[in-house]
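Keep the sequence and the 3D view open while you read.

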Amino acid sequence: MKKVSTASLLKMKSEGDKISALTAYDASFAKLFDEQGVDVILIGDSLGMVLKGDDSTLSVTLDEVAYHTKCVAKGTTRAFVVADMPFMSFANENDTYMNASTLMRAGASMVKLEGGEWLLKTIEGLIERSVPVCGHLGLTPQSVNVIGGFKVQGRNTEQAEALLKSALALEQAGIQMLVLECVPQQLAKQVSEALKIPVIGIGAGADTDGQILVMHDMFGISANYMPKFSKNYLVENHDIRSAVGQYIAEVKSGEFPSQEHAFS
């Protein structure tokens, strides 16, 4: 099948074709997900929690993300590969450019940054230097110590308006995809309809342009806990391939996420 690109992801949004995404950290799982037809694979700094057993993502280094990106890229032929910029790897513009180049050379087709309008100049600089960018708003795990834990964001009017404003500003700065994490379903719907670029939800309800899950959560084997917005697909299937196939099918049909996986 034809390799997924920023252009094909944009086309999927315009045609209402839901985008399926999963995290992966090695070549074997990346190959399996790719063969099942997942559209996007993210090398998430979630590896700090699901691989290293930490209670946050903050310990993850650029070298670790680059290593896992290289592994995933070797197992992928069709899916679009996105790599997380870990905590403090984009604190200033020059460091951001060099660190992003490390991830792109490792095999990423896009880098993902957590944060809002303070990143606008950085995003513009990355785009000017031919680095595609995915934004990340809502619950931003790298900010867990500032926001006071893993909490749903955007529940009051002021927060919701600020998040929508940030999303529009990030799009104007040049991001080509946005991840919305742990926000009320209605707010996620509003953001998805306001933006021209694909919006990928995790704990954001069914009205975004696609869904992403951490692979360990989807298989029910996370080291710490199972979040409300996830679903254990392995328990309903005989093998991993069938579980992944069911996840993709349910994302495409809109069956997942259901109301039990969403926030109000």
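The crossing of α5 and α6 is right-handed. The model is predicted: local features need pLDDT of at least 70, side-chain atom pairs count only at pLDDT 80 or more, and totals for chains, interfaces and linings use all residues. Residues are numbered from 1 along each chain as its sequence is written, and side-chain values use heavy atoms, with hydrogens and water left out.

**Helix packing**

- Helices (H or I, at least four residues) and strands (E, at least two) are DSSP runs, numbered from the N terminus.
- Helix α5 spans residues 93-106 and helix α6 spans residues 120-128; they pack at about 40°, with axes 10 Å apart.
- That angle makes α5 oblique to α6. Under 35 degrees counts as roughly parallel, over 145 as roughly antiparallel, 65 to 115 as roughly perpendicular, and the rest as oblique.
- Axes are lines fitted to C-alpha atoms, for helices over the stretch in contact, and angles run from 0 to 180 degrees between N-to-C directions.
- From α5, Glu93, Thr96, Tyr97 and Ala100 meet Lys121, Thr122, Gly125 and Leu126 of α6. Contact means heavy atoms within 4.5 Å.

**Cysteines**

- The structure holds 0 disulfides, a disulfide being a pair of cysteine sulfur atoms within 2.5 Å.
- Cys134 is in no disulfide; its nearest cysteine sulfur belongs to Cys182, 16 Å away.
- Cys134 counts as buried because its relative accessibility is 1%. Buried means under 20% relative accessible area, exposed over 50%, and partly exposed in between (1.4 Å probe, protein chains only).
- Cys71 is also buried, at 19% relative accessibility.

- Tyr233 sits in the loop between α10 (215-218) and α11 (240-253), and at 0% relative accessibility it counts as buried.
- Leaving out residues up to four places away in sequence, Tyr233 touches Leu213, Met218, Ala243, Gln246, Tyr247, Glu250 and Phe256.
- Phe256 is joined to Pro257 by a cis peptide bond, with omega about 0°. Pro257 lies in the segment after α11.

**Positive phi**

- Met88 is not a glycine, yet its phi is positive, about 65°. Met88 is in the loop between β3 (80-84) and α5, and is exposed, with a relative accessible area of 55%.
- Cys182, also not a glycine, has a positive phi near 50°. Cys182 lies in the loop between β6 (177-181) and α9 (185-194), and is buried, with a relative accessible area of 6%.

Key:
A crossing is left-handed if the near helix is turned anticlockwise from the far one by less than a right angle, and right-handed if clockwise.
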